[in-house]
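Have the fold open in your viewer and the sequence at hand. We'll take a walk through it, starting with the sheet and ending with a few individual side chains.

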Amino acid sequence: MTISYENLKDIFPSNNFILTQEDKISEVLVKNKVPNSFGIYIIYKNQKTYENIIYIGKAGEIDNIGSEKKQGLLKRLSNTRDKKSANEYFKDIFDEDIKELIIEYYETPTTVIPSFVEATLIQEYFQAFTKLPFLNKAY
């Protein structure tokens, strides 16, 4: 299986939603029925273009006996980050340059490790821009 940004939609079920500075992520997740399945997500600033990716992340891990562990998409997106609640964390992203966030997620089957998809997308981004997306602090 060849995974790239261009063919994600052909491989995995996906959906997206918009988050504004006035929104609470916890309410938006429920309203948009974000599943708690394993997957990856991409956060864009202002519009959904490759150049506007500011974060690539994963939800879920597989342990050494093949069992799923850790949180799925819903829990990952609503979890504490940088010692801040999810609502506070996302509110802090907004500035004069960022008016809305588009969060696109892809559900991965249990036969695909989310970390593999995340790493592939981050590597592809790095090759295109010689840096990580703005909010991916290290990889």
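What follows is a guided tour in running text.

First, some ground rules: this is a predicted model, so local features are described only at pLDDT of at least 70 and side-chain atom pairs only at pLDDT 80 or more, while totals for chains, interfaces and linings use all residues. Residues are numbered from 1 along each chain as its sequence is written, and side-chain values use heavy atoms, with hydrogens and water left out.

Let's begin with the sheet. It is open and has four strands, in the order β1-β6-β2-β3, with antiparallel pairing. The edges belong to β1 (14–20) and β3 (53–59); each has a single partner strand, so one side of each lacks a neighbour in the sheet. From one strand to the next, the twist averages 20°. Helices (H or I, at least four residues) and strands (E, at least two) are DSSP runs, numbered from the N terminus, and two strands pair if DSSP finds at least two bridges between them.

Strand β2 (residues 39–45) pairs with β3 in the antiparallel sense over six bridges. Buried here means under 20% relative accessible area, exposed means over 50%, and partly exposed is in between (1.4 Å probe, protein chains only).

Helix α4 (residues 86–93) lies across β1, β2, β3 and β6 (100–107), and runs at about 125° to β6. Helix α5 (residues 114–129) lies across β2 and β3, at about 160° to β3.

Rings of Phe, Tyr and Trp (its six-membered ring) pair if their centres lie within 6.5 Å; planes under 30 degrees apart count as stacked, over 60 as edge-to-face and the rest as tilted. By this rule there are six aromatic pairs. One of them is Y50 with Y125, a tilted pair at 5.8 Å centre to centre with 55° between the planes. This pair links distant parts of the chain, since Y50 sits in the loop between β2 and β3 while Y125 is in helix α5, 75 residues apart. Both Y50 and Y125 are buried, and together with Y5 and F129 they form one aromatic cluster. Another ring, that of Y55, has the charged end of R81 over it, 5.9 Å from the ring centre. The rule for that asks for NZ of Lys or CZ of Arg within 6 Å of the ring centre and within 35 degrees of the ring normal.

The side chain of E104 makes a polar contact with the side chain of K48 at 2.9 Å, and another of 3.1 Å with the side chain of Y106. A polar contact is a pair of N or O atoms within 3.5 Å; within protein, one must be able to donate a hydrogen and the other to accept it, and residues adjacent in sequence count only if both atoms are side-chain atoms. Leaving aside neighbours within four places in sequence, E104 is in contact (heavy atoms within 4.5 Å) with residues including K9, N15, Y41 and K48.

A polar contact of 2.7 Å joins the side chains of S37 and E107.

N46, in the loop between β2 and β3, has a positive phi near 70° without being a glycine, and is partly exposed at 28% relative accessibility. K83, in the loop between α3 (73–78) and α4, also has a positive phi, about 60°, and is not a glycine either. K83 is exposed, with a relative accessible area of 84%.

Note on methods. Axes are lines fitted to C-alpha atoms, for helices over the stretch in contact, and angles run from 0 to 180 degrees between N-to-C directions.
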